[in-house]
Amino acid sequence: MAKNIHRRWLHHIRVTLLVTIGCFGASLQALPLQAMPLIINTEEYPPFNYLDDHGQIIGSATLLLRTALRQADIQARFQLLPWARAYTEARLSHHHCVYSTTRTPEREALFQWVGPLVTNEWAAFSLAERDLSITSLSDLNVWRVGSFREDAVGDYVASHGINVLRAPSERENIARLKAGLIDVIVTGKATGEFMAEEVDIALTHLFTFSHAPLYLACHPSVSEALLTRLQIQLDTLRPPSISGNQ
C-alpha cells in the first residue's frame, strides 16, 4: 500500500513538473522581442566609438546612445567587432543594431534608423612626409587609395571610378599608409586625426569631399515602438548643430 501511494505521489510530481515546464516554455516564446536586450554592434571608429584602456566601449556617439537608451528604459548589450561583421550581423540577425552607420540610399530599406548621433566629415589624407598635392577625388585616379570593408566612405569614393583597396579595419588601413603600402586613405576627418595621433604619425589633410550624419541602424525585427521611444530621448539630447539630412 505504501509503495502504491509513493508511486502515485511521484507520478503526480512528474506531471506537475512537466506542465509547469511546458507553461514556462510557452510563456518565454510569447515574450515580445523588446523584452530582450538589444544587441548593439559597433567597431573601432574613434572618436565616435572605440575601446578605452580598460576595455570599455566609449566615444561621443557611444555616450549619446547609452544616455538615450538609459532614459528610454531600454536594455542593451554593446559589443565591438570588425566593421564588416558588425554591419552584417545587424543586417541579418534579429534584435541586432549597429552604429555609427552612414545612412545611404543602398542601405535605407535594410534597416530601421535612429539618429543622427554625430556628423562625419569625409576626408582624404596622406603622410605629411610625402608632400602630395591632391585637391579632389578626380586627382586620386593615379594613387593607391585605402579604405576598409563595408565602409560608406570607401564606397562613395569607389562610385566615382576610383580603385579603392580595402583593409579589414580602419586601424589596419592606417598601418598600411604608414608602411607605404598605400598613398592615400579616405576616412572620417576626426577618425583619421585621432588614429594618426594614436600611432604617432603626421598626416596631411588633403581635402574634404562630403559630410554625412551617422546613425544607429537596427534589424527590421526590432520593435518600432521601442525605437520611437529611443528617438524621442535622442532628440532631447542631440546637439542642435547635428542635422538629420543625408
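This report walks through the predicted model of one protein chain, from its overall make-up to single residues.

## Ground rules and confidence

Residues are numbered from 1 along each chain as its sequence is written, and side-chain values use heavy atoms, with hydrogens and water left out. Because the model is predicted, local features need pLDDT of at least 70 and side-chain atom pairs count only at pLDDT 80 or more, while totals for chains, interfaces and linings use all residues.

The pLDDT is the predictor's confidence in each residue, from 0 to 100. The protein chain averages 87. At least 70 is reached by 83% of the residues. A contact means heavy atoms within 4.5 Å.

## Overall make-up

The chain holds seven helices and 10 strands. Both are DSSP runs, numbered from the N terminus: helices are H or I with at least four residues, strands are E with at least two. Of the 246 residues, 45% are buried. Buried means under 20% relative accessible area, exposed means over 50%, and partly exposed lies in between (1.4 Å probe, protein chains only). Take the contacts between residues at least 6 apart in sequence: 72% of them join residues at least 24 apart.

## Nonpolar cores

A nonpolar core is a set of buried Ala, Val, Leu, Ile, Met, Phe, Trp, Tyr and Cys residues joined through side-chain atoms within 4.5 Å. The largest one has 37 residues. Leu38, Ile40, Leu65, Leu69, Tyr99, Leu216 and Leu230 touch the most other members. Two or more residues come from each of S1, helix H2 (60-71), H3, S5, strand S6 (112-127), S10 and helix H7 (224-237).

Helix H3 spans residues 83-92. Which of its residues are buried? They are Trp83, Ala86, Tyr87, Glu89 and Ala90. Seen down the axis of H3, these residues fall within an arc of 165°, so they line one face of the helix. The arc is that of the directions from the helix axis to the C-beta atoms. Their cover includes strands S1 (38-42), S4 (76-80), S5 (96-102), S7 (145-148) and S10 (203-218).

In helix H5, Glu170, Asn173, Ile174 and Leu177 are buried. Their arc, seen down the axis of H5, is 100°, so they too line one face. An α-helix has 3.6 residues a turn, so residues three or four places apart point the same way. The buried residues of H5 pack against S6, S7, strand S8 (164-167), strand S9 (184-188), H6 and S10. Just after H5, Gly180 takes a positive phi of about 80°.

## H5 meets H6

Two packed helices are described by the angle between their axes and the distance between the axes. H5 (residues 170-179) and H6 (residues 189-198) pack at about 65°, with their axes 11 Å apart. Axes are lines fitted to C-alpha atoms, for helices over the stretch in contact, and angles run from 0 to 180 degrees between N-to-C directions. On the H5 side, Glu170, Arg171 and Ile174 make the contact. On the H6 side, Thr191, Met195 and Glu198 do.

Lys189 lies in H6. Leaving out residues up to four places away in sequence, Lys189 touches Asn120, Glu121, Ala123, Phe125, His205 and Thr208.

## Backbone details

| Cis peptide bond | Omega |
|---|---|
| Tyr99 to Ser100 | about -5° |
| Gly115 to Pro116 | near 5° |

Ser100 lies in strand S5, and Pro116 is in strand S6.

Positive phi also turns up in residues other than glycine. For Asp131, phi is near 55°. This residue is in the loop between S6 and S7, and is exposed, with a relative accessible area of 69%. For Asp200, phi is near 60°. Asp200 is in the loop between H6 and S10. Asp200 is exposed, with a relative accessible area of 69%.
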